[in-house]
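Hello,

Here is the structure I promised to pass on. Please have a look at it first, and then read my notes below.

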Amino acid sequence: MEKTEKKKAKLGEPIYDARTLGIPKMLVLGFQHTFAMFGATVLVPIVTGLDVSTTLLMAGLGTLLFHLLTRGKVPAFLGSSFAFLGGYAAVAPMLEDGTPNTEMLPYACGGVVVAGLIYVVLSALIKLFGIKRIMRFFPPVVTGPIIISIGLILAPTAIDNCSENWLLALVALAVIIVCNIWGRGMVKILPILIGIVVSYIVALCIDAVDFTAIKEADWFGLALHPSSFAKFDLSACITIAPIALATMMEHIGDIAAISATCKRNYLSNPGLHRTLLGDGLATSLAALFGGPANTTYGENTGVLALTRVYDPRVMRIAACCAILLSFFPKFGAAIQTVPAAIIGGISFVLYGMISAIGVRNVVENQVDFTNSRNLIIAAVILVSALGFNAVGGITIPLGSSYSVTLSGLAIAAILGILLNAILPGNDYEFKEDVEEAETAEAEA
């Protein structure tokens with residue numbers, strides 16, 4: 001057994017799966033993924049004024065819908081998307097006293113519903129024209145630097161959180177490293193959860209935990225509020241729907257990152273058309289009932305890379321945890337008491353993992369950087385992603401009242417795709433064959 005595990009480790013394959021772990025351990029792993037997504041997922045409704053419970057419910061249901069449409073093959077979690085924050089701010093800005101604009105928020109949600117349907121249109125086009133034609137625009141020289149950029153763009157957030165209490169951040173970071181490098185069995189694949197527990201105990205000892213949120217939260221609450229359901233207005237839809245063009249590029253980068261992490265070609269099997277369909281419908285469903293747009297989460301991809309447990313059922317367990325938390329605000333508030341510095345210490349590793357996956361994607365696909373064409377494409381993507389992100393992206397006015405803001409990552413993806421299409425020498429051929437690993441798994 002030990003020799004087999006070492007062999008798998010060298011190949012980069014998952015050492016554990018559902019058959020070897022069993023249900024109790026899988027439940028704990030799912031809860032670990034819940035912690036990874038929780039902070040970012042609840043931050044979006046806090047910023048926009050949407051309901052936190054509705055957000056958690058729709059994140060869980062959206063993830064389950066995504067897994068249904070992708071045949072349960074892709075280990076992805078769908079949480080709140082930050083890309084639409086500019087759209088919410090344009091259509092439903094906070095009132096002067098800092099309270100949510102409850103009158104306009106449903107119209108912003110209506111725009112997000114339409115944005116999700118744009119995913120469905122692209123999914124249909126990919127199905128119609130074939131993945132090979134579409135993926136010719138997304139070779140490793142484009143997707144690799146985009147994946148690298150995802151981690152680097154998130155990095156300042158980790159440092160900001162760490163700076164609130166470096167002691168707690170370093171304790172969380174040290175525990176994760178020790179557990180992952182020297183741990184055995186479940187200790188090795190639960191480094192994040194263990195890191196949270198140990199650093200939380202330290203936080204309690206130094207009186208760095210605020211329990212106010214738990215005291216104020218209700219034990220039980222309804223996660224859906226009819227007054228918040230989506231309403232439709234043409235101007236709001238025109239303002240928000242175009243953001244989908246940027247987030248679809250991010251989606252392709254995320255799926256490429258998950259594929260590189262798990263050594264599976266998810267762009268081919270179950271197919272990019274299915275992952276786009278799942279993400280788009282999950283976004284429309286969430287917005288229809290008053291939640292924010294959904295997107296595949298880089299935080300959870302980082303957990304996959306760290307633990308090498310790629311079983312999609314773990315994500316479905318995390319989705320069920322999110323749904324349960326949505327009906328029990330008191331428990332959700334308990335998770336919110338975890339100091340931001342601890343989340344920063346965890347993110348320090350996870351975000352770096354995402355960038356490292358991008359580097360591995362470029363190396364394994366043998367991208368030739370002695371070729372000036374490839375060097376220029378990668379350079380433009382990296383500088384655009386980090387540079388434009390630092391200045392808040394580019395704002396494109398739509399009429400006199402509204403505008404659309406493209407994030408640095410969206411700009412980088414668009415420029416990378418355009419350069420790859422225009423510059424001569426694009427000889428990339430997308431492989432549609434089913435991976436050897438999946439074949440061996442089926443034979444077993």
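Let me start at Gly 392, which follows helix H20 and has a positive phi, near 85°. Before going on, two notes on how to read the rest. This is a predicted model, where local features need pLDDT of at least 70 and side-chain atom pairs count only at pLDDT 80 or more, while totals for chains, interfaces and linings use all residues. Residues are numbered from 1 along each chain as its sequence is written, and side-chain values use heavy atoms, with hydrogens and water left out.

Back to H20 itself. This helix covers residues 372-390, and its 19 residues reach 27 Å from the first C-alpha to the last, close to the 27 Å expected at 1.5 Å a residue (the expected span being 1.5 Å times one less than the number of residues). Buried means under 20% relative accessible area, exposed means over 50%, and partly exposed is in between (1.4 Å probe, protein chains only).

Of the 444 residues, 53% are buried. The accessible surface comes to about 19500 Å², and 66% of that belongs to carbon and sulfur atoms (Shrake-Rupley method, 1.4 Å probe; for residues, only the protein chains shown count as cover). Taking contacts (heavy atoms within 4.5 Å) between residues at least 6 apart in sequence, 83% join residues at least 24 apart.

Next, helix H6 (105-129). Ser 123 is found in this helix and counts as buried because its relative accessible area is 6%. Leaving out residues up to four places away in sequence, Ser 123 touches His 273, Arg 274, Leu 276 and Leu 277. Phe 129, also in H6, is partly exposed because its relative accessible area is 46%. Together with Val 121, Leu 125 and Leu 128, Phe 129 forms a nonpolar surface patch with about 400 Å² of accessible area. Such a patch joins nonpolar side chains (Val, Leu, Ile, Met, Phe, Trp, Tyr) within 5 Å, from residues with over 30% relative accessible area and no salt bridge.

Two loop residues are worth a look. Leu 95 sits between helix H5 (85-91) and H6, is partly exposed at 41%, and is in contact with Pro 100 and Asn 101, its neighbours within four places in sequence aside. Asp 233 lies between helix H12 (212-216) and helix H13 (234-240); its C-alpha is 7.7 Å from that of Gly 111, although the two are 122 residues apart in sequence.

How many salt bridges are there? The count is 1, with a side-chain nitrogen of Lys or Arg within 4 Å of a carboxyl oxygen of Asp or Glu as the rule. Asp 311 pairs with Arg 313, their closest N and O atoms being 3.1 Å apart. Asp 311 is buried at 10%, whereas Arg 313 is partly exposed at 44%.

Best wishes

Definitions and conventions: Helix = DSSP H or I, 4+ residues; strand = E, 2+ residues; numbered from the N terminus. Patch = residues over 30% accessible without salt bridge, like charges linked within 9 Å, V, L, I, M, F, W, Y side chains within 5 Å.
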